[in-house]
Amino acid sequence: MNSRLPFLKEKTAKLTSSSGVYLMKNQKLEIIYIGKAKNLKNRVTSYFREFADHTPKVASMVDHVYDYDFIVTDSEYEALVLECSLIKQHQPKYNILLKDDKGYSYICFSDEPYPRLTAEKNKEKMGDYLGPYMSGFVTRETVKEVNRVFCLPTCRKKFPQDFHKSRPCLNYYINQCMGVCRGNISEEAYRDIIRQAKNYIQVGSKDSIKKMQEEMEKAAESLDFERAAIYRDRIQAVTRAGETQKIRDASVQEADVIAMAEHSGTQCISVLCYRNQRLFDKQTFFFQETVSQVELMDTFLLQYYERHRSSIPKLLILEFILPNQANYEKLFSEFSNFRIHIIVPQRGTYLQYVQLSRNNANEELALRFGRTGKEVQALEELGKALGLSEPPSYIEAYDISNLSSTSIVCGMVVFENGRPLKKAYKRFRMKENQIQDDYACMREALTRRLNHYLVQDEEGFSRLPDLILLDGGQNHVNTIVPIVREMGLNIPVFGMVKDQKHRTRAISTTGGEILLSANSASFHLLIRIQDEVHRFSVAYMHKLHAKSSYQLELTKVHGIGEKKAQKLLLHYKTIANMQKASLEELRSVAGVGEETGKELYQLLQSIATDST
């Protein structure tokens with residue numbers, strides 16, 4: 001607890017309600033945090049409230065605040081501009097979201113008789129370098145494209161030392177390499193190709209095609225048709241490369257598409273940069289901030305474009321609306337000296353770009369957590385569709401199964417991070433409800449499950465789910481929600497509704513239904529969960545029914561009642577094990593005499609005969 005809180009509260013009580021910027025300072029009077037506010041008094045007061053529910057990062061900052069200053073502005077926009085300027089000037093500890101730790105990348109033409117083209121992080125090896133480039137993605141993709149277009153070797157052979165030592169590799173036979181290892185290309189001819197590759201990187205495909213066109217025509221005029229054919233093929237390769245870089249025939253001239261994904265407390269923001277109708281660059285940033293997505297995006301945009309003033313495009317495409325979007329348009333326009341537009345598309349091509357950017361963020365998160373992009377995307381979509389504060393990583397699903405009024409059971413399956421967690425599956429055999437009543441049985445199963453959590457008497461029930469799904473509609477949800485609330489728990493409860501053909505159709509709530517797109521990853525996850533919980537509960541019901549049938553069969557033996565039949569089944573687990581037992585073993589387990597034992601043994605053998 002900060003011992004200065006009484007002083008800070010007293011100072012804040014006299015603070016103005018105007019818009020402005022506040023500067024939090026530590027005991028050395030160093031600025032540790034800078035923030036903006038539409039109402040300074042309300043905003044600063046929120047930091048120093050008793051028992052405030054701060055995120056860990058904010059709580060740590062508040063603990064170190066010794067004093068603060070403030071600067072009043074005439075508008076919220078002026079506060080935004082001032083905040084941006086002061087953060088850049090002071091670099092406060094608790095403001096810094098983006099780190100300059102990516103470094104630069106270079107394209108290297110190695111210093112050897114037959115130079116290789118590679119992407120490098122530094123200039124340690126001998127060679128001719130292009131760069132530096134801010135984006136490692138651009139550098140790697142450029143090298144990959146140029147090696148492919150000009151059929152440059154990417155193997156580990158050294159030339160000319162390795163001429164004729166082995167057969168050409170697969171790349172040669174699929175026209176991805178010119179086959180330098182065959183020894184049929186002179187140093188001079190190869191270096192001419194390298195010059196063309198370098199020109200292609202430096203001036204772009206259009207100028208490269210124009211120069212190669214001129215060379216092709218010269219070769220044709222001098223009747224060197226073989227050389228002309230080489231240039232023709234190279235022009236076609238460069239043209240195809242330019243075409244494949246277009247994303248969905250993009251009509252957008254220049255834009256940044258920014259979207260976010262979240263998984264297990266980690267957020268990933270993806271920035272796709274389109275320039276000249278082509279996907280030019282991709283950048284991803286990871287955070288572990290316990291704030292809302294809107295707050296994180298708000299902070300990210302300010303810091304990202306303050307650092308990239310010279311490369312702000314005219315159009316920014318976001319996945320959700322920011323509360324002060326107009327102010328950002330105005331500020332970024334001042335950064336770039338031309339009009340900046342921020343849009344949040346609801347349909348059409350731009351919405352597809354947003355989805356592409358979000359998919360990239362999902363894939364990056366999946367890579368970090370060892371999941372698939374579809375799994376991360378499904379949980380994110382499901383969380384948004386259900387209005388959850390974050391994607392549900394731990395889901396429990398329930399289904400009631402019975403055969404008439406016998407063998408009534410409830411199956412519980414668990415999905416963790418989009419995958420079945422079979423060791424956490426649980427089965428409930430109805431104890432209080434012995435008649436066919438799905439609502440009463442669901443109520444009994446959930447009550448028993450949640451009571452186990454409250455008393456912490458079983459490890460398998462010690463964790464609460466982020467989401468409860470019931471196989472059923474609105475009435476099932478209305479039955480369970482009051483139980484959850486009465487126990488003082490805050491667990492979202494939804495139903496999984498099927499159509500007349502028993503296929504997943506929608507999600508049920510206390511107030512109606514939520515329809516999901518049949519093509520969405522969240523809908524396919526819902527189908528998997530509903531199918532799995534149904535399979536699990538039905539399998540348990542059949543198992544119990546089979547046991548009760550065998551138990552009924554055993555009671556036909558004179559001297560074997562329900563208790564002794566149950567004792568035999570519990571001891572041997574299965575009829576197959578019981579059939580393997582000797583007469584003496586059966587008598588010992590059941591505790592019966594010789595005549596009863598013989599009758600039991602004969603019955604078991606007849607069951608075996610019938611089953612073969």
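In the hairpin formed by strand 1 and strand 2, five residues lie between the strands, and Leu29 among them takes a positive phi near 65°. Strands here are DSSP runs (E) of at least two residues, helices are runs (H or I) of at least four, and both are numbered from the N terminus. The model is a predicted one, in which local features need pLDDT of at least 70 and side-chain atom pairs count only at pLDDT 80 or more, while totals for chains, interfaces and linings use all residues. Residues are numbered from 1 along each chain as its sequence is written, and side-chain values use heavy atoms, with hydrogens and water left out.

Strand 1 (residues 20-25) pairs with strand 2 in the antiparallel sense over six bridges; two strands count as paired if DSSP finds at least two bridges between them. Gly20 has Ala37 of strand 2 as its bridge partner, and Tyr22 stands opposite Gly35 in strand 2. These strands belong to an open sheet of three strands, with the order 2-1-3 and antiparallel pairing. Strand 2 (31-37) and strand 3 (67-72) stand at the edges with a single partner strand each, so one side of each has no neighbour in the sheet. From one strand to the next the twist averages 20°. Buried denotes under 20% relative accessible area, exposed over 50%, and partly exposed the range in between (1.4 Å probe, protein chains only). Helix 2 (residues 40-47) lies across strand 1, strand 2 and strand 3, and runs at about 25° to strand 1. Axes are lines fitted to C-alpha atoms, for helices over the stretch in contact (heavy atoms within 4.5 Å), and angles run from 0 to 180 degrees between N-to-C directions.

The structure holds 22 salt bridges, each defined as a side-chain nitrogen of Lys or Arg within 4 Å of a carboxyl oxygen of Asp or Glu. One of these joins Arg419 to Glu375, with the closest N and O atoms 2.7 Å apart. This pair links distant parts of the chain, 44 residues apart: Arg419 is in strand 14 (residues 419-420) and Glu375 in helix 13 (residues 373-385). Arg419 is partly exposed at a relative accessible area of 32%, whereas Glu375 is buried at 13%.

A salt bridge also forms between Asp471 and Lys498 (3.9 Å, N to O). Asp471 lies in strand 16 (residues 467-471) and Lys498 in strand 17 (residues 493-498), so the pair ties together parts 27 residues apart in sequence. Asp471 is buried, with a relative accessible area of 15%, and Lys498 is partly exposed at 23%.

Lys598 and Glu594 form a salt bridge with closest N and O atoms 3.5 Å apart. Both lie in helix 20 (residues 594-611), four residues apart, and are thus separated by about one helical turn. Lys598 is partly exposed at 34%, as is Glu594 at 44%. Elsewhere, salt bridges with shared partners join Glu319, Arg358, Glu380 and Lys384 into one network.

The count of cavities of 30 Å³ or more comes to one. A cavity is a set of points, on a 1 Å grid over the protein atoms alone, where a 1.4 Å probe fits but cannot get out. Grid points are joined across faces, edges and corners, and the volume is the space filled by probe spheres set on the points. The largest cavity contains about 40 Å³ of space. Its lining residues (an atom within 4 Å of a point) are Pro153, Cys155, Lys157, Phe159, Pro168, Cys169, Cys177, Val180 and Cys181.

Methods: On a 1 Å grid over the protein atoms alone, a cavity is a set of points where a 1.4 Å probe fits but cannot get out, and a pocket is an open set with protein on both sides within 12 Å along at least five of seven lines; lining residues have an atom within 4 Å of a point.
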